[in-house]
Amino acid sequence: MRVLAVASEAVPLVKTGGLADVVGALPGALAAEGIAVTTLLPGYPAVLGAIDRAEETWRLDALPGGPARILRGRAGALDLAVLDAPALFDRPGNPYLGSDRTDWPDNGIRFAALAAAASRLAVQGAGFEVVHAHDWQAGLTGAYLRHGGASRPVLFTVHNLAFQGAFPATLFPQLGLPDAAFALAGVEFYGGVGFLKAGLWYADAISTVSPTYAAEITTPEGGMGLDGLLAGRADVLHGILNGLDTAEWDPARDPHLEARFDADDTAPRALNRAALCRAFALAPREGAPVFGFVGRFTWQKGVDLVLDALPALLDAGGVLALLGSGEEWLEARAAEAARLHAGRVGFAMRFDERLARLIYGGADGVLVPSRFEPCGLTQLCALRYGAVPIVARTGGLADTVVDANEMALRQGWGTGVVFSPASAAMLAAALRRAAALFADAPTWRRIQANALRTDVSWARSAARYAALLRALARR
Ligand code: ADP
């Protein structure tokens with residue numbers, strides 16, 4: 001069976017977050033289920049530079065933003081179709097932001113072009129039975145298929161409902177869709193054009209990246225203005241957990257680590273811990289934990305909660321490595337904390353794969369105090385690398401981490417520390433609890449062993465995606 005995936009990023013070519021990890025890993029996982037995936041990506045310089053033996057397949061005229069070409073080729077394990085439209089995508093760096101760190105003003109046209117190209121490739125390309133569109137950047141794919149009179153079943157996957165691709169109504173005439181599409185039963189969203197809304201509306205099936213998030217987004221608290229639509233489509237809404245590419249994320253083979261290790265022998269982890277402390281200029285106290293945080297600096301991720309709970313972390317003797325960038329006020333607060341608490345708080349304000357892996361493979365605990373979290377990959381990376389995740393009970397965090405309370409530990413479960421709600425006070429309490437557990441070395445070793453034993457692979461979820469895609473193809 002053949003599937004056309006459409007997305008704006010994919011590991012190892014271009015990544016701003018978990019979307020890229022999933023789009024990059026799912027084709028390999030689905031191949032094991034007998035499903036061949038071709039992935040359509042925008043022709044950013046990093047993508048065009050990576051494809052071997054690019055062969056032009058065809059020209060596309062009358063695309064939003066002007067004519068373009070689709071190139072076919074491979075990059076590593078990915079079978080790619082690349083939308084070569086230099087006026088739209090020949091821009092280095094972050095795929096969505098210009099050098100002033102604000103959205104490119106033509107993002108609506110850029111990703112409308114991606115979706116329109118996907119709809120044509122789905123029909124004219126060889127043998128695609130189902131289209132799998134990811135997030136708002138691919139959100140118009142179903143609309144172009146439906147209004148182009150072509151039929152291919154579409155699975156639309158939401159990785160984060162907060163990124164809605166909402167544009168003013170003035171964009172609509174440039175999309176090349178019929179007037180009738182600008183309607184509640186179409187792409188219209190609160191008076192403008194909603195790419196994510198359109199993705200949800202036109203899809204034959206919808207999935208999101210954890211069962212708990214699938215339930216949360218049908219409620220007014222979690223639905224971000226789309227709960228009505230999602231509740232109305234609950235019969236086709238599925239929650240399928242993300243996995244990790246466990247060959248790519250393997251502490252026994254990771255070249256980024258100072259020392260490689262596995263679940264049977266975690267002793268070399270101490271070398272990573274020492275390297276992590278050197279990298280962040282941390283001087284941990286004997287018997288007290290090294291904590292880490294990896295992620296986008298946004299309200300969603302609760303970076304402010306980490307900084308508000310810092311007194312509790314420091315009182316408990318802990319030290320903290322912070323890695324990430326994003327909103328300036330959070331970056332400024334983190335920089336200030338590192339200055340005030342030199343030796344106990346370190347901050348690297350960038351995207352850095354090596355440091356991220358050093359945190360997963362060297363820290364004792366990884367903080368994930370997200371206010372909402374569709375799935376979250378950081379806690380999966382932490383589990384896989386033996387860092388105990390300390391997470392808010394929301395979305396995929398609730399589905400993937402088992403709180404190490406008395407009962408759970410007695411039953412041989414317990415992989416992390418789970419707190420609720422996502423507030424500074426509850427995070428502070430969780431950090432005190434984590435430090436107390438850490439001080440009890442045999443208990444901590446059990447929690448760490450449970451974490452390392454957790455199945456974070458794609459195996460189970462790939463089977464669920466495969467079943468869903470096959471059911472769509474049979475329609
Ligand atoms: P998001 O909401 O950003 O997609 P996820 O937890 O789903 O969050 O995925 C984040 C991914 O990006 C993980 O693989 C994480 O390790 C990685 N990541 C996030 N920030 C950084 C950073 N500053 N440097 C390196 N990797 C990062």
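Q: Why does aspartate 304 count as buried?
A: Aspartate 304 has 9% relative accessibility, and buried means under 20% relative accessible area, exposed over 50% and partly exposed in between (1.4 Å probe, protein chains only). The value of 9% is therefore in the buried class. The model is predicted, local features need pLDDT of at least 70, side-chain atom pairs count only at pLDDT 80 or more, and totals for chains, interfaces and linings use all residues. Residues are numbered from 1 along each chain as its sequence is written, and side-chain values use heavy atoms, with hydrogens and water left out.

Q: What makes the pair of aspartate 304 and arginine 371 a polar contact?
A: The side chains of aspartate 304 and arginine 371 are joined at 2.8 Å. The limit for a pair of N or O atoms is 3.5 Å; within protein, one must be able to donate a hydrogen and the other to accept it, and residues adjacent in sequence count only if both atoms are side-chain atoms. Aspartate 304 is in helix α10, residues 303–308; helices (H or I, at least four residues) and strands (E, at least two) are DSSP runs, numbered from the N terminus.

Q: Which residues does aspartate 304 touch, not counting residues up to four places away in sequence?
A: Aspartate 304 touches Trp329, Leu330, Arg333 and Arg371, where contact means heavy atoms within 4.5 Å.

Q: How do you know that alanine 434 is buried?
A: The relative accessible area of alanine 434 is 0%, which puts this residue in the buried class. Alanine 434 is part of helix α17, residues 424–439. Leaving aside neighbours within four places in sequence, Phe291, Ile390, Val417 and Trp444 are in contact with alanine 434.

Q: Why are α9 and α13 called oblique to each other?
A: The axes of helix α9 (residues 269–279) and helix α13 (residues 353–362) cross at roughly 135° and come within 8 Å. Axes are lines fitted to C-alpha atoms, for helices over the stretch in contact, and angles run from 0 to 180 degrees between N-to-C directions. Angles under 35 degrees count as roughly parallel, over 145 as roughly antiparallel, 65 to 115 as roughly perpendicular and the rest as oblique. The angle of α9 and α13 therefore belongs to the oblique class.

Q: How does the contact of α9 with α13 divide by class?
A: The contact has seven nonpolar, three polar and two charged residues. Ala, Val, Leu, Ile, Met, Phe, Trp, Tyr, Cys and Pro count as nonpolar, Asp, Glu, Lys and Arg as charged, and the others, Gly among them, as polar.

Q: What makes α1 roughly perpendicular to α19?
A: The axes of α1 and helix α19 (residues 459–474) come within 9 Å and cross at roughly 80°. That angle makes α1 roughly perpendicular to α19. Leu26, Ala29 and Leu30 of α1 meet Ala462, Tyr465, Ala466 and Leu469 of α19. This contact has seven nonpolar, no polar and no charged residues.

Q: Is arginine 101 buried, exposed or partly exposed?
A: Arginine 101 counts as partly exposed, at 43% relative accessibility. Arginine 101 lies in the loop between α3 (86–89) and α4 (107–124). Its phi is positive, about 65°, although arginine 101 is not a glycine.

Q: Why does aspartate 135 count as buried?
A: Aspartate 135 has 6% relative accessibility and therefore counts as buried. The loop between β6 (130–134) and α5 (141–147) holds aspartate 135, which has a positive phi of about 60°.
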